[in-house]
Amino acid sequence: WLGSIILELITFDGFKQCLARPSGTTGKRADMVVSVHPLCQDVPLKCLADLDTQGATRDVSARKTPFATVVTDLGGAHPTWFNPGV
């Protein structure tokens with residue numbers, strides 16, 4: 001649990017800045033976020049919750065922006081690939 005806290009402290013602002021920036025020529029942020037790495041789920045989900053609620057909460061259940069994880073391990077997948085909040 002300590003690792004999760006440290007990871008969030010170090011990466012949250014960077015992820016939030018990336019997820020908040022306008023996408024393409026629309027002037028709006030992305031309609032959906034796709035994760036392709038098993039360790040890139042928790043912090044982006046919290047960032048999306050923070051963005052979707054204008055900073056009111058980091059609770060992933062408050063997230064409105066769709067988030068998907070692409071599993072590329074066809075033979076089997078490590079349990080860290082799966083997050084019930086996705």
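This is a predicted model: local features need pLDDT of at least 70, side-chain atom pairs count only at pLDDT 80 or more; totals for chains, interfaces and linings use all residues.

**Salt bridges and a helix pair**

I started with aspartate 50, which comes out at 7% relative accessibility, so I put it down as buried.

Next I looked up the partner of aspartate 50. It is lysine 16, in a salt bridge whose closest N and O atoms are 2.5 Å apart. Lysine 16 belongs to helix H1 and aspartate 50 to helix H2, so the bridge ties together parts that are 34 residues apart in sequence. Lysine 16 has 27% relative accessibility and therefore counts as partly exposed.

How many salt bridges does the structure hold? I get 2. The other entry I noted pairs aspartate 52 with arginine 29, with 2.2 Å between the closest N and O atoms. Here aspartate 52 sits in helix H2 and arginine 29 in the loop between H1 and E1, so parts 23 residues apart in sequence are tied together. Aspartate 52 is buried at 16% relative accessible area, while arginine 29, at 24%, is partly exposed.

Then I checked the helix packing. H1 (residues 2-20) and H2 (residues 42-52) pack at about 55°, their axes 9 Å apart, so I logged them as oblique to each other. Their crossing is right-handed. Among the contact residues I found Leu7, Phe12 and Phe15 of H1, and Val43, Leu48 and Leu51 of H2. By type, the residues of this contact split into 10 nonpolar, 4 charged and 1 polar.

Last stop was serine 35, in strand E1. Serine 35 is buried, at 5% relative accessibility, and its contacts include Cys40, Phe67 and Val70.

Methods. Residues are numbered from 1 along each chain as its sequence is written. Side-chain values use heavy atoms; hydrogens and water are left out. Helices (H or I, at least four residues) and strands (E, at least two) are DSSP runs, numbered from the N terminus. Buried means under 20% relative accessible area, exposed over 50%, partly exposed in between (1.4 Å probe, protein chains only). Contact means heavy atoms within 4.5 Å. Axes are lines fitted to C-alpha atoms, for helices over the stretch in contact, and angles run from 0 to 180 degrees between N-to-C directions. Angles under 35 degrees count as roughly parallel, over 145 as roughly antiparallel, 65 to 115 as roughly perpendicular and the rest as oblique. A crossing is left-handed if the near helix is turned anticlockwise from the far one by less than a right angle, and right-handed if clockwise. Ala, Val, Leu, Ile, Met, Phe, Trp, Tyr, Cys and Pro count as nonpolar, Asp, Glu, Lys and Arg as charged, and the others, Gly among them, as polar. A salt bridge is a side-chain nitrogen of Lys or Arg within 4 Å of a carboxyl oxygen of Asp or Glu. Lists of a residue's contacts leave out its neighbours within four places in sequence.
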